[in-house]
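Subject: Structure for you to look at

Hello,

Here is the structure I promised to pass on. Please open it alongside this note.

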Amino acid sequence: MKHFPIFVAVEGRRIVLSGGGEEAIAKLRLLLKTEANLTVVAEDAASEIRAWAQEGRLTLISRAMEPGDAMCAVLFYAANGDDAEDARVAALAHRDGARVNMVDNLHGSQFITPAIVDRDPVTIAIGTEGAAPVLARAIKADLEAKLPASLGVLARIGKSFRSAVEALPMGRKRRDFWSEYYFNKGPRAIEEDGESGVQPALENLLDTYLTDTREKAGHVDLVGAGPGDPDLLTLKARKALDKADVVIYDRLVSAEILELARREAVMIDAGKEGFGKAMSQSEINDLIVSHAKDGHQVVRLKSGDPTVFGRLDEEIDACDAADVSWRIVPGITAASAAVAGIGQSLTKRDRNGSVRFITGHDMKGYADHDWRALSHAGEVAAIYMGKRAARFVQGRLLMHGAHPETPITVVENVSRVEQRTLTCTLGTLSDDLETANLKGPALMLLGLAPRAALQVAQDISIQEVAQ
């Protein structure tokens, strides 16, 4: 991030713009929405700018810019439509101490003006750091279509009511009040009675919350974060993260998904990475229960699907023992995302009517399975936590008669932008893994090879790695 997004206080402060043509008009249409004191310096200002000056909406200085014109200005815009003149006036503004923006000149600007969705006082700024203005405009258009015009009215009335709402305790109860206002009572009041109905609805809602002195019970959502791509997160999981007071997450959950949690939420790293540092399961259980008992909305966030190798039952048992309510929010397990990434399916008519999800190791060491059944031709299995157990898995399958040419696909960092795919056979599995030196979490697909048409550039070539 090369530009940090902030909102600058401009009420009653000077903003100076140099220029009188189309570039200046486009920028002024936006600046006129603010409560700043606008000054335009232009030798030959367009009629539209002169009209604004006559209406008292800005001050027009009808000459070329001179030293001191940008004195005490919080922002300055060079919008002359002429590179040489923009550079000259920008230098003057710099000497006057103003922050400078040169229109359509990213490198010459100290700040940039984003695309804006205006539902005053709700303002959404969209920036691409100058890389893709067309994309910013497309996002703006999408948001404009989705956000009702009444949003600004609700926010304005809500803002005037904030001091009264301070009578509610800070935290969940106050947050629930505002959620009910903005997403239920407020919109309904506008729809039924117009703007005049919003204030009474807000007062009635506050009375309801003030008279209800019952403490809201805590709750636990056991949420699947999916394999890593935030686009694969379910809507129910996103909503749970948005409401969470506390998020207890495994280390394999991607940073992009953690970013979706509320900024105010307490984030607790439980570890849970294969062969890495981690809390004990009993410690995690205690954390879940204690935060829920404190009345918090707790999200226990697990990579993939919590019902697959997630020790879910132990956490449910802990909640039940403490009389804490809970809910399971399933996620996409890594096997589903990995097989989709190589263009295959886990089951196929006349090939395999079943698929096994197994682990390469468990709490006691290398996991044991029905290797004889898995060794049959056409069998398909998704092997979780199998990277370090690869030589053991390979030996067991070969010992029970599996063909050395049985295809195996190893997918590292499933569904993420850094996903890599290693294609090999059972006979070469352990050696190929050692050569590839995969660092991220990986899932093995026994009996499946990628479809040739879907091979991509980031796939690992063992020969290239060896060189």
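Below is what turned up, from the whole chain down to single residues.

Please keep in mind that this is a predicted model.

Overall build

The protein chain holds 17 helices and 19 strands. Its C-alpha trace spans about 90 × 65 × 40 Å along the principal axes. Of the 467 residues, 43% are buried. Take the contacts with a separation of 6 or more: 63% of them link residues 24 or more positions apart. The chain exposes about 25100 Å². Carbon and sulfur atoms supply 51% of that area.

Strand β8

Look at β8, residues 219–224, next. Six of its six residues are buried. In a regular strand, side chains alternate between the two faces of the sheet. Both faces of β8 are covered. H219, D221 and V223 are buried on one side. V220, L222 and G224 are buried on the other.

Which strands pair with β8? One is β11, residues 297–302, which runs parallel to β8 and is joined to it by six bridges. Here V220 stands opposite V298. Another is β12, residues 325–329, also paired in the parallel sense, over five bridges. On that side, H219 has S325 as its bridge partner.

M1, F4, I6 and V8 make a nonpolar surface patch of about 520 Å². V8 lies in the segment before β1, which covers 14–18. Is V8 buried, partly exposed or exposed? V8 counts as partly exposed, because its relative accessibility is 40%, and that value falls between the 20% and 50% cut-offs.

A373

A373 sits in helix α14, residues 371–374. Its relative accessible area is 13%, so A373 is buried; the limit for that class is under 20%. Which residues does A373 touch, leaving aside neighbours within four places in sequence? They are R356 and E379. L397 is 24 residues from A373 along the chain, and their C-alpha atoms are separated by 9.3 Å.

For a first look, I would start with β8 and its partners β11 and β12.

Best wishes

Technical notes. Residues are numbered from 1 along each chain as its sequence is written. This is a predicted model: local features need pLDDT of at least 70, side-chain atom pairs count only at pLDDT 80 or more; totals for chains, interfaces and linings use all residues. Side-chain values use heavy atoms; hydrogens and water are left out. Buried means under 20% relative accessible area, exposed over 50%, partly exposed in between (1.4 Å probe, protein chains only). Helices (H or I, at least four residues) and strands (E, at least two) are DSSP runs, numbered from the N terminus. Two strands pair if DSSP finds at least two bridges between them. Patches are made of residues with over 30% relative accessible area and no salt bridge: like charges are joined within 9 Å, nonpolar side chains (Val, Leu, Ile, Met, Phe, Trp, Tyr) within 5 Å. Accessible areas come from the Shrake-Rupley method with a 1.4 Å probe; for residues, only the protein chains shown count as cover. A salt bridge is a side-chain nitrogen of Lys or Arg within 4 Å of a carboxyl oxygen of Asp or Glu. Contact means heavy atoms within 4.5 Å.
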